[in-house]
Amino acid sequence: MQMNDSQRIPAPRQKVWAALNDPDVLKQCIPGCQSLDMSSPTEMTATVVFKVGPVKATFGGKVTLSDLDPPNGYRISGEGSGGVAGFAKGGATVRLEAESPDVTILHYEVDAQIGGKLAQLGGRLIDSTAKKLAGEFFASFGKVVGGAEVA
Amino acid sequence: MNDMTPTREQRTAVLEGMGCKRKRVEDIRFTQGKGTYVDDVKLPGMLHGDFVRSPHPHARVKSINSDEALKVPGVLAVITAETLKTVNLAWMPTLAGDVQMVLADGKVLFQNQEVAFVVATDRYAADDGINKVVVEYEPLPPLVDPFKAMDADAPMLREDLAGKTTGAHGPRKHHNHIFEWTVGDKDLTDAAFRKAEVTIKEMISYHRTHPSPLETCQCLCSFDKIKGELTIWGTFQAPHVIRTVVALIAKIPEQKIHVIAPDIGGGFGNKVGAYPGYICAAVASIVTGKPVKWVEDRIENLTSTSFARDYHMTAEIAATKEGKVTGLRVHVLADHGAFDACADPSKWPAGFFNIVTGSYDFPTAHLAVDGVYTNKAPGGVAYRCSFRVTEAAYCIERAMDILAQKLGMDPAELRLKNFIKPEQFPYHSALGWEYDSGDYATAMRKMMESVDYAGLRKQQAEKRAAFKRGETREIMGLGVSFFTEIVGAGPSKNCDILGIAMFDSCEIRMHPTGAGIARMGTKSQGQGHETTWAQIIATEIGIPADNIMVEEGNTDTAPYGLGTYGSRSTPVAGAAIAMAARKIRAKAQMIAAYKLEVHEDDLEWDIDGFRVKGLPEKTMSMKDICWAAYNSVPPGMEPGLEAVSYYDPPNMTYPFGAYICVMDIDVDTGVYKVRRFYALDDCGTRINPMIIEGQVHGGLTEAFAIAMGQEIRYDDEGNVVTGSFMDFFMPTAVEAPHWETDFTVTPSPHHPIGAKGVGESPNVGGVPAFSNAVNDAFSFLGSTHIQMPHDFWRNWRAAKELGVFV
């Protein structure tokens, strides 16, 4: 499953970049995120409640940041297991483009794979669910980062 | 005689014997919710087991930690392969001569494979326990595409077989190869192709699907430590085979194993095999000393116990310009999944696929089947068909249509030209079978007249012209199918399961008041045996069917038999019933002769008793003979009236039929409408026409499901994505078309009552009829073969690929 999109954020690129590396911001924006702890500047452990169609499960897993190119972008990837619900892995390549000193365009390319019961039952829903979750993440992210600027 | 004396017709009618549309006696309890299925059996202190299953299709199992699971209230035990190794049951033999992991031993080889068995006081606690078992996996690359199984760089799936160059069915060519099975004369067939005026070649896939009975597989095991006895209630199509297999692998003396198959909610081949759930429940009962129940849920049923089909068949036909077939060459790539657990007679790794010459007089043929391992669930059961016969029928019936298209001939005409003729029976096929009887052309012509075949073709031509003129967006297809089944496995000379010859049996015990009980080696899963078996006895010995109770499924009381699948019950057990009944009648004749004070030879059988030849008023009814058998037998004769017969059939039986499907497809949406479906079946002597009709309706509905959408599909990562009825097509009365049934009668010459079996014919003949209809509809747009299943989306895609729209 793959998708591309972009999000316009009313904040300077440097600020967006800092937020992308801030576990508190990420925790606030990842839909269903229960906890997100940084174990090193590029590694985090996360607990996320994930729901696809009839399957709802708590996923525990690792989140890794790579290809860091401040403040232009990075790759964020993760994999997690939801026990009997199955597993998920995937990532997003994020690129920040400064439209103006105060506005940043965040481009993202997401790829994701799911396995186990999630795929068996949720297969037909996974694309739309992933789009919805990615949309939710970047919308909250825009609000948290851009909203703070307004305030 | 007076007016009160019943007429011969009345005496016959009261028996409700063969040929009578007797209402199903079992339906009295089924329709009132009073059946007893495995899940209805509840024992005091009963525990429940359920599986931890692998989310990965291929992975190494690095560790299994049960500590947290055992803390869940109600969880009593977590069984793993390590536990099973202590009783030498981590692996079990399959019916196909392979071995299968009962619980993951070092590796998992398909998604939803059984990894650990959690035993708890109730099902909810077991499920909670499953959530707490922590399994650490190291994912390995999955092998999903069977066509890549034998690539040089394909991952090795079965490390337990590493280095083994020979399997249960001969040499292995590759680490993922299971067997190669060849039949026929290769040189002669190759020569026929070299000389052929016309040839066709097509890769015809019969996709993976699943029998999906409404009641899933389940069992209840209870081990009595004091007596050392194991009782198993289970959804078993072959209870005696299960008893013997348990005796062999669990080393419990066979008399101490009691297998009971109560009412079964559909089998369709799904309930022939032995599954990890049975072994785990039995071991759990032995370990805990308590009864343990295992009941599959729907996802588990669809994704782990016994898929069907998954045959990729490359068919070639050689023919003359006039359309006379001269040779058939077929290669099959058979995807068996992770373990070869096909439920075929042991010597037949591809079942009876060599019936692939069908109803046609092929002078020569050659068949090769390669079985391969992939990261998919094991199985390969005969889903409402005799062993691999529906695959064979689909292959030849599609290939004949493709040949007709190439020759520009009508498909019905091509078939009529190549049929085996009535005078050729018994017919020896190029691939080794002896067909018992048939009158194919008569059946085909009756079908063509009944539906006005010529008129339909005319209509189709008009509709195609209108389509080309842009006046309609609907295309019309006629799907002709003429199948020959091979059922009634089978003769001990060529059929056995794990060395057990495939006979079947019947024991009849008559009671003094003119009633009786018949016990069988077969096991109904909905076929209506309690109704039809009694009808055979009624006709044979003149006791009303209502006075005969039929009992099946308890290995302690039933005579040994091989069970019900592959349409074998009527051809094999049906014969045993007639033979046992005739033994009863022979003794009855001696008793009647004594009571009527005549010689036995002076008696003749008359509907419901004996009468003295020439003195029609001097009679003795079977009812009275039953009384006499217990109370006043001839001097020197033992009292009682009972008989048992074990029947080893001399040959298979070969039912056949002519089907046609008339279908309209909207090219812009792919939506199809089955306008008409006509099925003519010849199953030899007809025991109960109403039950036959019901069987045909059911089999056609399953054929409709398979051809038009039902599928077990895996994605590229090895996820099975059709794990529920949301995605796995299960037609109801809403989707199912209206069925028209018809028949001819060509009795089997070697069967005591001439019956051939019918339960699976409609699935065998139905699938090609549907698929041929879709293919026939699209053929004028330039397509040769469109793979099944033909759901709306695929029809739409086919139209798009043919350039019908942009």
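N88(B) sits in the loop between helix 4 (81-85) and strand 4 (91-93) of chain B; helices (H or I, at least four residues) and strands (E, at least two) are DSSP runs, numbered from the N terminus. This is a predicted model, where local features need pLDDT of at least 70, side-chain atom pairs count only at pLDDT 80 or more, and totals for chains, interfaces and linings use all residues. Residues are numbered from 1 along each chain as its sequence is written, while chains are lettered from A and ligands numbered from 1 in the order in which they are written.

**Positive phi and cis peptides**

- Most residues other than glycine have a negative phi, and most peptide bonds are trans.
- N88(B) isn't a glycine, yet its phi is positive, at about 60 degrees.
- N88(B) counts as exposed because it has 10 C-beta neighbours inside 10 Å (buried means 20 or more other C-beta atoms within 10 Å of a residue's own, exposed 12 or fewer, and partly exposed in between, with C-beta atoms placed from the backbone).
- Over in chain A, D67(A) also has a positive phi, near 50 degrees, but this residue is found in strand 4 of chain A.
- D67(A) is exposed too, with 11 other C-beta atoms within 10 Å.
- P70(A) and P71(A) are joined by a cis peptide bond with omega about -5 degrees, and P71(A) lies in the loop between strand 4 (55-69) and strand 5 (73-81) of chain A.
- Another cis bond links M788(B) to P789(B), with omega about -10 degrees; P789(B) is in the loop between helix 18 and helix 19 (792-801) of chain B.

**Helix 17 against helix 18, chain B**

- The axes of helix 17 (residues 689-708) and helix 18 (residues 761-779) of chain B come within 8 Å and cross at roughly 40 degrees. Axes here are lines fitted to C-alpha atoms, for helices over the stretch in contact, and angles run from 0 to 180 degrees between N-to-C directions.
- That angle makes helix 17 of chain B oblique to helix 18 of chain B (under 35 degrees is roughly parallel, over 145 roughly antiparallel, 65 to 115 roughly perpendicular, and the rest oblique).
- Among the residues making the contact are G699(B) and F704(B) from helix 17 of chain B, plus G766(B) and F770(B) from helix 18 of chain B; contact means C-beta atoms, placed from the backbone, within 7 Å.

**Where the chains touch**

- 14 residues of chain B are in contact with 13 residues of chain A.
- On the chain B side, helix 5 (123-132) and helix 9 (298-304) each supply at least two residues.

**Strands in chain B**

- Strand 26 (residues 504-511) of chain B is largely enclosed by the rest of the structure, because six of its eight residues are buried.
- Strand 26 of chain B runs antiparallel to strand 32 (residues 642-647) of chain B, joined by six bridges; strands pair if DSSP finds at least two bridges between them.
- Strand 26 of chain B also pairs with strand 27 (residues 515-520) of chain B, in the antiparallel sense over six bridges.
- R509(B) has E642(B) as its bridge partner in strand 32 of chain B and I517(B) in strand 27 of chain B.
- Strands 26 and 27 of chain B form a hairpin with three residues between them, and G514(B) in the turn has a positive phi of about 85 degrees.

How values were computed: Two residues are in contact if their C-beta atoms, placed from the backbone, lie within 7 Å.
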